[in-house]
Amino acid sequence: NYRTSSQSDLGRRPQTPKLGCSYGSLCISRRWEEEKKEDGIKWTQLEHRGPYFAPLYEPLPDDVQFYYDGKPLKLSLATEEIATFYAKMLDHEYTTKEIFQENFFNDWKKEMTSEEQKIIKDLDKCDFREIHKYFVDKSEARKALSKEEKQKLKEEADKIQEEYGYCILDGHREKIGNFKTEPPGLFRGRGDHPKMGMLKKRIMPEDVVINCSKDSKIPEPPEGHKWKEVRFDNTVTWLASWTENIQNTLKYIMLNPSSKLKGEKDWQKYEVARRLKDVVHKIRAQYRADWKSKEMKKRQRAVALYFIDKLALRAGNEKEEGETADTVGCCSLRVEHIKLHPKLDGQRHVVEFDFLGKDSIRYYNKVSVEKLVFKNLQLFMKNKDPADDLFERLNTSILNRHLQRLMEGLSAKVFRTYNASITLQEQLKALTNSEDTVAGKLLSYNRANRAVAILCNHQRSTPKTFEKSMQNLQTKIDAKKQQVEEAQQELKKAEDEFEETKDAKAQANVEKKKKLLKRMEEQLARLNVQATDKEENKQIALGTSKLNYLDPRISIAWCKKFGVPIEKIYNKTQREKFAWAIDMADEDFEF
């Protein structure tokens with residue numbers, strides 16, 4: 001829980017009047033259609049409170065102890081805090097990974113006192129179980145709070161949201177996305193990230209750069225602290241920023257996705273992707289012609305563009321050696337990342353890809369490619385070692401300059417957005433049956449969405465709770481089947497009674513039993529669809545493409561055309577993010 005008045009000096013701020021909108025109807029106008037500013041200018045007025053800082057560490061109770069080599073050991077406050085980060089994760093797969101353990105122990109030792117460093121030499125001799133149990137018990141106690149106690153906590157959180165979660169942007173009271181700084185902890189990363197387990201340090205006001213307008217009330221830092229810097233830069237949309245210590249990257253406090261600026265940016269992104277459909281045939285004809293070019297540079301660029309277009313590969317960026325995981329994109333593929341098979345599984349000219357992509361997610365795919373692409377790849381790999389670049393005459397800068405010449409605003413990401421959106425639209429047309437129930441149509445939607453997620457390699461690990469939740473669902477299905485059987489018997493009984501009596505009351509009873517059976521059968525069908533959906537999507541992350549690569553107008557038009565409530569596709573937060581699309585798209589919208 002984040003606190004204000006009770007969280008020491010770091011959380012105390014001078015109380016100032018509530019941010020609000022005094023511009024009346026301007027706040028609820030169709031904001032994305034307002035007059036555009038000159039190029040580069042994002043806003044003329046920006047006022048906010050600054051970030052809400054994570055609370056300071058609360059020491060463990062005296063009866064909760066850390067043990068080393070079987071003996072209790074009292075830790076200094078800084079060392080104890082980091083020990084709690086590890087203890088909280090004891091039941092997580094991360095703490096079983098050698099790289100996680102090694103990175104954690106190295107960073108933990110740096111924060112220990114010299115006395116602690118002399119004693120604590122081996123992670124295997126550290127016993128965090130009592131600390132782990134303390135946090136598990138705390139979590140259970142929170143879940144067991146009374147309705148009144150939970151309501152009180154909600155009111156406290158709402159108060160913080162009200163004070164720090166909004167800004168004034170050009171007269172609009174806009175919601176801020178992530179107004180709280182991330183608390184300290186252990187870095188997890190995705191996939192097999194080489195820095196997992198390293199210590200994410202606490203963000204202090206002295207780390208934070210504030211951005212606002214000159215004429216606004218500049219946010220005041222917590223008592224006894226000062227900001228790193230205050231800027232008045234209206235060419236950017238972030239409100240505050242700092243550099244995180246693990247990968248040395250900038251983190252930002254940004255506007256909520258439902259804000260005017262974010263909505264405009266989203267809209268423009270999909271409009272650029274829509275423009276690609278008018279020139280994509282010309283671009284494809286060009287890169288096909290370049291497969292036969294006398295210039296090796298052009299050939300490599302053309303094959304890379306084919307992969308970006310057909311397989312939705314990311315372009316890939318150069319990185320400092322050892323800075324992050326050995327992740328690659330299309331331009332940075334090495335010879336070792338592909339294998340060529342003249343024939344495989346009944347297909348010809350098969351390329352087998354195997355590499356770590358963004359966020360250390362493995363990309364593994366076997367693809368039958370065009371003959372000229374295959375022959376070019378054989379040529380590119382000739383006389384090279386496994387660690388050599390596949391496209392040694394290409395990098396992302398060269399590729400992006402070429403794409404810009406083909407179409408203004410074109411990038412590898414635009415190709416990805418275009419192909420994702422087109423795939424969704426085509427799959428929805430092919431899979432949707434207008435006669436289906438809403439549940440059946442939603443299954444078709446998720447199958448169409450899954451085709452996109454597979455194209456974009458949006459994977460996830462099977463959730464830890466998957467087996468249990470499937471068992472629970474199967475129990476519900478079995479119970480519902482029993483109810484359907486009972487309803488069928490009840491209907492048969494009612495029909496027999498009507499045959500004997502032919503009376504109006506018995507006839508009414510038959511109609512009642514028919515309705516009950518129909519309702520039960522619909523409920524069973526919904527549960528079966530849910531089970532199919534769950535099983536099919538256990539290792540696919542549908543959310544990433546739905547929120548970032550698919551033009552929402554396609555989904556909204558589909559909902560309107562087939563009578564599916566929009567809230568079945570987008571939750572409340574997502575509907576706010578895509579308010580512009582809900583307003584614009586009718587059932588005839590075509591991407």
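Modeller: A residue is called buried when its relative accessible area is under 20%, exposed when over 50%, and partly exposed in between, with a 1.4 Å probe and protein chains only. This is a predicted model, in which local features need pLDDT of at least 70 and side-chain atom pairs count only at pLDDT 80 or more, while totals for chains, interfaces and linings use all residues. Residues are numbered from 1 along each chain as its sequence is written, and side-chain values use heavy atoms, with hydrogens and water left out.

Biologist: Why is C167 called buried?

Modeller: The relative accessible area of C167 is 0%, which is under 20%, so C167 counts as buried.

Biologist: What keeps the sulfur of C331 from a bond with the closest cysteine sulfur?

Modeller: A disulfide is a pair of cysteine sulfur atoms within 2.5 Å, and the sulfur of C331 lies 5.5 Å from the closest one, in C330, which is too far for a bond. By this rule the count of disulfides is zero. C331 is itself buried, because its relative accessibility is 5%.

Biologist: How many aromatic pairs are there, and why is the pair of Y287 and Y306 called edge-to-face?

Modeller: Rings of Phe, Tyr and Trp (its six-membered ring) pair if their centres lie within 6.5 Å, and planes under 30 degrees apart count as stacked, over 60 as edge-to-face and the rest as tilted. By this rule there are 27 aromatic pairs. The ring centres of Y287 and Y306 are 6.2 Å apart and their planes stand at 80 degrees, so the pair is edge-to-face. Distant parts of the chain are linked by this pair, since Y287 belongs to helix α7 (residues 260-290) and Y306 to helix α8 (residues 296-311), 19 residues apart; helices are DSSP runs of H or I with at least four residues, numbered from the N terminus. Y287 is buried at a relative accessible area of 1%, and Y306 is buried at 7%.

Biologist: What makes the pair of F380 and F391 edge-to-face?

Modeller: Their ring centres are 5.9 Å apart and the planes are at 70 degrees, so this pair is edge-to-face. F380 is in helix α9 (residues 371-381) and F391 in the loop between α9 and α10 (396-406), eleven residues apart. F380, with a relative accessible area of 2%, is buried, and F391 counts as buried at 0% relative accessibility.

Biologist: How do you know that the charged end of K88 sits over the ring of F135?

Modeller: A charge sits over a ring if NZ of Lys or CZ of Arg is within 6 Å of the ring centre and within 35 degrees of the ring normal. The charged end of K88 sits over the ring of F135, 4.6 Å from its centre, and R173 lies over the face of Y166 at 3.8 Å from the ring centre.

Conventions:
Helix = DSSP H or I, 4+ residues; strand = E, 2+ residues; numbered from the N terminus.
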